[in-house]
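I opened this entry to record what I looked up, residue by residue and then sheet by sheet.

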Amino acid sequence: MTLTSILPTLRLSIPDPLAIDRWPEWAVPTVCDVVVSGVSLRRLVEVCGSPCVHVAAAVVPGTHGRPSDLAQSSVVVATVLTVAGGRLELDADLERVPAVLAEARLVGRASACRTRDLALPDGAVLALPTDLAAGDLVAVPCPGALARRDVLPV
């Protein structure tokens, strides 16, 4: 449990921490974005559209962020289509990829609301702010190198 989960209003002034071993190299959270290897995920969606995938070197576990020479890691950024009754629909299919759903985070704006569990159509659960709405962006890290076609709905 982090301070931002106990006092959600702190999210307006300090970023939610992330598990550095689960994200690609040089992942730095900000109040309303995550910058991965110098690339803003919010800006990536502006340029590439949603859903989009950013691939970078993976982090060697236990090294406090040292990039791997061999392994890669990805981040999927998806747009929220609907949120209703504890269910969440994204424009990306996370069921087909090894998404680290515990690290899912809101991108594009800061929220001072507490988090709640929201279920994807396949039953997987993400903890996201209660004020999540259609049009919001959600970033989720995934081990390995993914392509956009891996997360496009079929």
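I looked up R66 and found it partly exposed, because its relative accessibility is 46% and the class covers values between buried (under 20% relative accessible area) and exposed (over 50%), with a 1.4 Å probe and protein chains only. The model is predicted, with local features needing pLDDT of at least 70 and side-chain atom pairs pLDDT 80 or more, while totals for chains, interfaces and linings use all residues. Residues are numbered from 1 along each chain as its sequence is written, and side-chain values use heavy atoms, without hydrogens and water.

I placed R66 in the loop between β4 (52–59) and β5 (67–84), where strands are DSSP runs (E, at least two residues) numbered from the N terminus. Setting aside residues up to four places away in sequence, R66 touches A58, V59 and V60, contact meaning heavy atoms within 4.5 Å.

I then turned to the sheet, which is open and antiparallel, with three strands in the order β1-β2-β3; strands pair if DSSP finds at least two bridges between them. β1 (27–29) and β3 (39–40) are the edges, each with a single partner strand, so one side of each lacks a neighbour in the sheet. Two bridges join β2 (residues 34–36) to β3, and V35 stands opposite S40.

Key. Helix = DSSP H or I, 4+ residues; strand = E, 2+ residues; numbered from the N terminus.
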